[in-house]
Amino acid sequence: MANPRTFQIQEISAHPGPVPGQGTRREEEVCKYIDVTTCIGCKACEVACVEWNDHPFRETTFDDTYQTMPSTEWNYWNLIRFAEDERDGNLMWLMRKDQCMHCEDPGCLRACPADGAIIKYENGIVDFQQENCIGCGYCISGCPFDIPKFNEKTKKVYKCTLCSDRVGQGLEPACIKACPTGCLHFGTKSDMVQIASSRAKQLREQSGFANAGVYDPASIKGTHVIYVLHDIKSPERYGLPANPIIPPSYTVWKWLAKPTGLAMAILGIGAVFFHSVFYGPKLPQPEPPEIETGPREEIDAGRKEAP
Amino acid sequence: MSAPAKGFDEKARGEFARIGTTRVRRGELLRHPVYTRFLHWSVAIFFILSLATGFAIYSPWLFRWIAPLFGGGARTRALHPWFGLVFEVFFLFQFINWVTPMLWTSADRRWLKRLKQYATNEDRLESEEVGFFNGGQKLYFWAIVLSGLLFLITGLLIWFDNVVERWIVAISYVVHDLSGLLMLAGFIIHIYEGTAHQPGTFRSMMSGTVTDRWAWTHHPAWYRAVTGRDPREAYEREKRRQAERERAMKSWEREQDSRELPDDRVP
């Protein structure tokens, strides 16, 4: 499919008047915006996710909360997390839709050792290609949000695709379509950031949530799923890390130390080879005596011709 | 080393000596019995398999080259921990088999000081205190013990990453790779020393024997211990014998030449 951005007409020869499309730029980056303040915890998005992705019904875990299970699973990519918190001495029931954040700098992708098992599209969606997955699980420890999950049977890792199949056809993700309160939005990254920012401003100015703000962590260069939180100062209350980071072992080690180590291994093989060329073998003694007359280099293979 | 481990090792040596044979010919010494050879090559095979599968996962550049040899990335990943585990098991037996001669002594410290002379072939004969193993071999052995332990611990942590904290897995992954590099460095030197650099060494691991010359050259103290002879004296005697042989050969050649000369001149 031709990239529509490539074929946006910017100039036309001998064209009188303004060029249609001039100065326009198609934004490619998509984003899901979740307004936790208007989420009612109905779990319609959970069901929509299971339905669209054709996942079988799986066991739930009851742990005295409304939460379906403790964490997302290999075939349960969308989970509303319920947390009981406090505000001014009253109960505050926090509900947050948990799924892959589609990081701009994805820790799973950084950690992955298998060629082509994790890809990031230009629109920002991070997708797993299970046919290339080797099941090492490095992505699981590389993810700051504990999202990728291992399937013991297939030995592959799975997670939310941001409905890349739907988005590719111009549709919004299944969870967005199912949301009854409109707390889920989908569009370009800049649009979503703008809507989220104005919603956060509204919360700050009109609803008495002085710390309301947008969660789009800069430590991983932003995410393609953003939240509006009542209190941006303590995202931990929603189970979100304040400063999500990829372990340095997956960034520094992989891109600096690994090639260095490899180069050292190659140099090592070269070193022993040329050691042999320079010094030759160490024979059991006594070995046949060496020739003792004349400068050795000249005797060597008679390279120097007679004048 | 504990008595049961020692007992097991001795029993295993006996059993393997019954199954396999080592022929020691005149001018040769038994260096590695069948059991030791079996352990060495079992360790070596599973080390190479672990190294190859590990390097596929270690480097994105090697992934496409090595992974197909083991049936693709997923199978490479599935096999690697098992190769490693078998390596660890065999190495445990090898450890029991070798730990006594591998103990570090002051002689090894002195050996290390002459590493440069050793590496540049300046020391043609090893120092008279070098026993069954020299300092370099002992270093390599203990490097494997260290990295083998690190491999086992970090490998299990990476293997069972679903029950281990994320940051521990992240650290384990680096330590695992570092042990791999340590082992690889030693491995390259080991192969070189055992084959090209020291002719006569490789056969000690295949057929189990070495020549007397090899023994007094590379491991004089061991030569003295097994033959009861002085390694330097043996060397000097061999040198005299060699010179004598040379002289005898030359005079024989001269004799032949002088006898053939008249025939050549026949018109």
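Me: Which strands of chain A are among what covers the buried residues of H6(A)?
Reply: This is a predicted model, in which local features need pLDDT of at least 70 and side-chain atom pairs count only at pLDDT 80 or more, while totals for chains, interfaces and linings use all residues. Residues are numbered from 1 along each chain as its sequence is written, and chains are lettered from A and ligands numbered from 1 in the order in which they are written. Helices (DSSP runs of H or I, at least four residues) and strands (runs of E, at least two) are numbered from the N terminus, and contact requires C-beta atoms, placed from the backbone, within 7 Å. The cover of the buried residues of H6(A) includes strands S1 (30-35), S8 (184-188), S9 (213-215) and S10 (225-229) of chain A.

Me: Which residues of H6(A) are buried?
Reply: A residue counts as buried if 20 or more other C-beta atoms, placed from the backbone, lie within 10 Å of its own, as exposed if 12 or fewer do, and as partly exposed in between. In H6(A), the buried residues are A:Lys189, A:Met192, A:Ala196, A:Ala200 and A:Leu203.

Me: How far apart are the end C-alpha atoms of helix H6 of chain A?
Reply: The expected span is 1.5 Å times one less than the number of residues. Helix H6 (residues 189-206) has 18 residues and should therefore span 26 Å, which agrees with the distance between its end C-alpha atoms, 25 Å.

Me: What is the radius of gyration of chain A?
Reply: The C-alpha trace of chain A spans about 100 × 70 × 40 Å along its principal axes. For a compact globule of 307 residues, the rule (2.2 Å times the number of residues to the power 0.38, with the radius taken over C-alpha atoms) would give a value near 19 Å, but chain A has 30 Å.

Me: Which helix gives the most to the side of domain 1 of chain A that touches domain 2 of chain A?
Reply: An automatic or database assignment sets the bounds, giving domain 1 (30-246) and domain 2 (247-281) of chain A. Their centres, taken over C-alpha atoms, are 41 Å apart, and the contact takes 5 residues from domain 1 and 4 residues from domain 2. On the domain 1 side, the helix that gives the most, with 3 residues, is H2 (residues 107-111) of chain A.

Definitions and conventions
Contact = placed C-beta atoms within 7 Å.
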